[in-house]
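This report concerns the pairing of charged side chains in one protein model. Please look at the sequence and the structure before reading on.

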Amino acid sequence: MEKLTYTHNADAAAVIAQTYDTPPLAYVRSYGCQQNVNDGEKTRGVLMDIGYGLCDKPEDADLILFNTCAVREHAEQRVFGNVGALKGLKEKKRGLMIGLCGCMANQKHVVEKLRKSYPYVDLVFGVDGIDTLPQLIAQKLQKHKRVLMEPAQRPVIVENIPIRRESEFRAWLPIMYGCDNFCTYCIVPYVRGREKSRKPGDILSEFRGLVEAGYKEITLLGQNVNSYGKGLEEQVDFADLLNLLCTVPGDYQIRFMTSHPKDASHKLIDTIAAQPHLCKHLHLPVQCGSDELLKKMNRHYTIEQYLELIEYARKTVPGITFSSDIIVGFPGETEEDFQGTLELVKKVGYMQLFTFIYSKRNGTPAAKLPDPTTHAEKAARMDRLLKLQDSIAFPMIAAMAGQTVKVLVEAAGRTPGTLNGRLDNNLVVEFPAEESLIGQYANVRLTGSRAALLVGELAE
């Protein structure tokens with residue numbers, strides 16, 4: 001895999017400086033997954049590197065950039081709606097530049113729609129093009145013509161892209177890009193390309209820098225972190241990488257996502273048990289509880305294999321908790337299939353579930369499957385699933401009362417005078433405290449819960 005290193009584009013910076021009397025402002029909005037959020041942070045970093053300032057309102061901006069998600073139809077429609085709402089602003093504000101990047105921009109039909117129906121969109125580039133943004137902006141400013149890049153895959157990894165992180169204590173750290181799994185419902189491999197793992201030394205260097213800068217929680221990102229290392233010259237897997245990162249001294253914790261069950265190993269679970277820096281929580285997306293549907297989804301594991309992993313983790317990592325993703329209403333899902341999902345949820349006892357009604361993505365194999373189940377039936381199943389999950393999780397959460405736990409204090413709580421802190425198991429606790437604690441660790445005694453939210457007080 002070819003590796004490139006980002007360098008400051010002095011020519012683009014000069015063009016921007018010549019075009020504007022004062023530093024121009026950019027508004028960047030990211031949709032979708034944590035990888036997209038991290039891409040948005042890099043986009044902001046690149047813009048600042050060439051002379052832009054940042055703003056929080058699109059009406060204040062000289063450049064509005066939407067960093068998009070293509071996983072579900074609703075996300076795409078929301079982006080088109082928000083782009084459409086900018087037409088009036090573009091007419092009022094001479095010189096306003098509007099751009100769209102990310103996963104949607106790596107789909108040909110989206111670029112064509114923007115070309116034909118949204119003539120006021122000036123810039124379009126894909127997920128691999130963040131480092132090229134300076135030259136695209138310079139080209140637009142010099143030639144006064146739209147710059148709409150055709151969807152393309154770049155088989156490269158670009159290191160040292162400037163970044164403007166949203167938090168000063170929580171950080172996203174990609175360890176790989178793309179996906180080789182081709183689950184039949186998922187558009188990601190088509191828009192983000194094939195798997196590309198970063199070199200362990202590059203990841204370690206960035207990780208060490210984050211710890212030295214005081215970051216308390218670092219989340220490793222990849223579409224399937226468990227397949228990390230494939231294609232690298234070094235003989236290294238994900239568990240090896242985790243052990244390497246845990247050699248860095250400091251007061252921090254590591255999370256990771258997403259962890260595909262087909263590649264989750266006993267070695268990984270043993271590593272979670274052995275390393276104090278690793279959160280004792282495993283997000284293991286199962287998608288459904290039917291072997292028949294798992295085959296149609298191209299998931300490459302059975303429910304029996306999945307449950308074996310869960311049981312090994314329970315036996316090996318004391319107190320480990322689990323979360324998962326579930327799709328309701330995959331094409332052809334029967335009531336029997338759905339009952340299998342409900343039974344699985346009962347057996348595992350997830351602390352959290354992230355649930356979605358199937359969203360058809362043109363270009364994926366599942367989009368061609370017959371789908372006789374009505375949306376109303378799918379919505380009714382979703383309601384049953386959520387009620388079951390609440391009946392399992394809420395008592396588990398309530399039973400935590402009386403424990404004293406270490407939490408990372410993240411933000412102000414909903415109740416005035418309170419803060420929110422995140423536990424090792426990814427749950428949130430609300431407790432009275434001063435805002436000066438935000439960004440620090442605190443010991444909190446849990447006193448009760450409100451549904452999925454824990455409540456507590458600072459431990460003496």
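The model is predicted, so local features need pLDDT of at least 70 and side-chain atom pairs count only at pLDDT 80 or more, while totals for chains, interfaces and linings use all residues. Residues are numbered from 1 along each chain as its sequence is written, and side-chain values use heavy atoms, leaving out hydrogens and water.

Side chains of opposite charge can pair when their charged atoms come close. The structure holds 31 salt bridges (a side-chain nitrogen of Lys or Arg within 4 Å of a carboxyl oxygen of Asp or Glu). The table lists three of them.

| Pair | Closest N to O |
|---|---|
| Glu-76 and Arg-361 | 3.0 Å |
| Arg-154 and Asp-131 | 2.8 Å |

Helices (H or I, at least four residues) and strands (E, at least two) are DSSP runs, numbered from the N terminus. Glu-76 is buried at 5% relative accessible area, and Arg-361 is buried at 6%; buried means under 20%, exposed over 50% and partly exposed in between, with a 1.4 Å probe and protein chains only. Glu-343 and Lys-346, by contrast, are three residues apart in helix α13, about one helical turn. Glu-343 is partly exposed at 36%, as is Lys-346 at 48%.

Helix α2 covers residues 34-49, and 13 of its 16 residues are buried. Just after α2, Gly-51 takes a positive phi of about 115°.

Terms used: Expected span 1.5 Å × (residues − 1).
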